[in-house]
Amino acid sequence: MNTYDQFHIYLEENQEALASWGNYVSEVISAEISKNLVNVSIESFLKIPVKHRVKEIKSALGKVARKGYTDPVMQMTDLVGTRFVVLLSQDIELVSNIIEKNTLFAAVVSKNYQEEIDLNPKIFDYQSKHFEVRPLADTEINGVKISKKICCEVQVRTLLQHAYAELVHDNIYKPVGVVPKAAERHIARSMALMETTDELFCSTMKLLYET
């Protein structure tokens, strides 16, 4: 049996486990966020309700074919994912600290947009902070067995970054045809504008809290 077929069987057998792990990670992080907020509710702090998502089997198998993964269970880190959308970039730090300091799971940063900006300051592209979150050991959640190999991709982004990602993912990265250079230029310009807007918003909030 080849890798593709083995992975197909794995996906069919682990749909419940993936969903359980994604839900658990979402709830743990949300609970910790609530504990760390002062004079604001989590419903107000998070701009989009948190909901885990299990990747469709067809989509996962298609990605294996495109990427040529040899160990897709370990290499495909987004079989289940969850997202935390905040208002400003300064809020990303609060959520990130909660994820990194949590002792109930193992979290590794897989994408840090701020470090990418430092390395390539002239490039304006997709921005989001990603974590790979796995169990510390094989475990069981509400009667569902969870392997320590299962990964939940946690994305932390601002509302502006989320709007950009939604547009770019569906209209720039997914299309099979050629994307016009003018469209790519518009996207780069929009990201530059969003960075400026976020900086102004953060400065505004700082001035308001200092008065």
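The axes of helix 1 (residues 3-13) and helix 4 (residues 57-67) come within 10 Å of each other and cross at roughly 155°. Helix 1 is therefore roughly antiparallel to helix 4 (a term for angles over 145 degrees). This is a predicted model, in which local features need pLDDT of at least 70, side-chain atom pairs count only at pLDDT 80 or more, and totals for chains, interfaces and linings use all residues. Residues are numbered from 1 along each chain as its sequence is written, and side-chain values use heavy atoms, with hydrogens and water left out.

**Helix 1 and helix 4**

- Helix 1 makes the contact (heavy atoms within 4.5 Å) through Tyr4, Phe7, His8, Leu11 and Glu12, and helix 4 through Ile57, Ala60, Leu61 and Val64.
- Seven residues of this contact of helix 1 with helix 4 are nonpolar, one is polar and one is charged. Here Ala, Val, Leu, Ile, Met, Phe, Trp, Tyr, Cys and Pro count as nonpolar, Asp, Glu, Lys and Arg as charged, and the others, Gly among them, as polar.

**Helix 2 and helix 6**

- Helix 2 (residues 15-36) and helix 6 (residues 89-101) have axes that come within 10 Å and cross at roughly 125°.
- The crossing of helix 2 and helix 6 is right-handed.
- On helix 2 the contact is made by Ile29, Glu32, Ile33 and Asn36, and on helix 6 by Leu94, Val95, Ile98 and Ile99.
- The contact of helix 2 with helix 6 has six nonpolar residues, one polar and one charged.

**The cavity**

- The count comes to one cavity of 30 Å³ or more. A cavity is a set of points, on a 1 Å grid over the protein atoms alone, where a 1.4 Å probe fits but cannot get out.
- The largest cavity holds about 30 Å³ of space.
- Its lining residues (those with an atom within 4 Å of a point) are Tyr10, Leu18, Val73, Met76, Leu79, Ile150 and Cys151.
- The lining of the largest cavity has seven nonpolar residues, no polar and no charged ones.

Note on methods
Axes are lines fitted to C-alpha atoms, for helices over the stretch in contact, and angles run from 0 to 180 degrees between N-to-C directions. Helices (H or I, at least four residues) and strands (E, at least two) are DSSP runs, numbered from the N terminus. Angles under 35 degrees count as roughly parallel, over 145 as roughly antiparallel, 65 to 115 as roughly perpendicular and the rest as oblique. On a 1 Å grid over the protein atoms alone, a cavity is a set of points where a 1.4 Å probe fits but cannot get out, and a pocket is an open set with protein on both sides within 12 Å along at least five of seven lines; lining residues have an atom within 4 Å of a point. Grid points are joined across faces, edges and corners, and a volume is the space filled by probe spheres set on the points. A crossing is left-handed if the near helix is turned anticlockwise from the far one by less than a right angle, and right-handed if clockwise.
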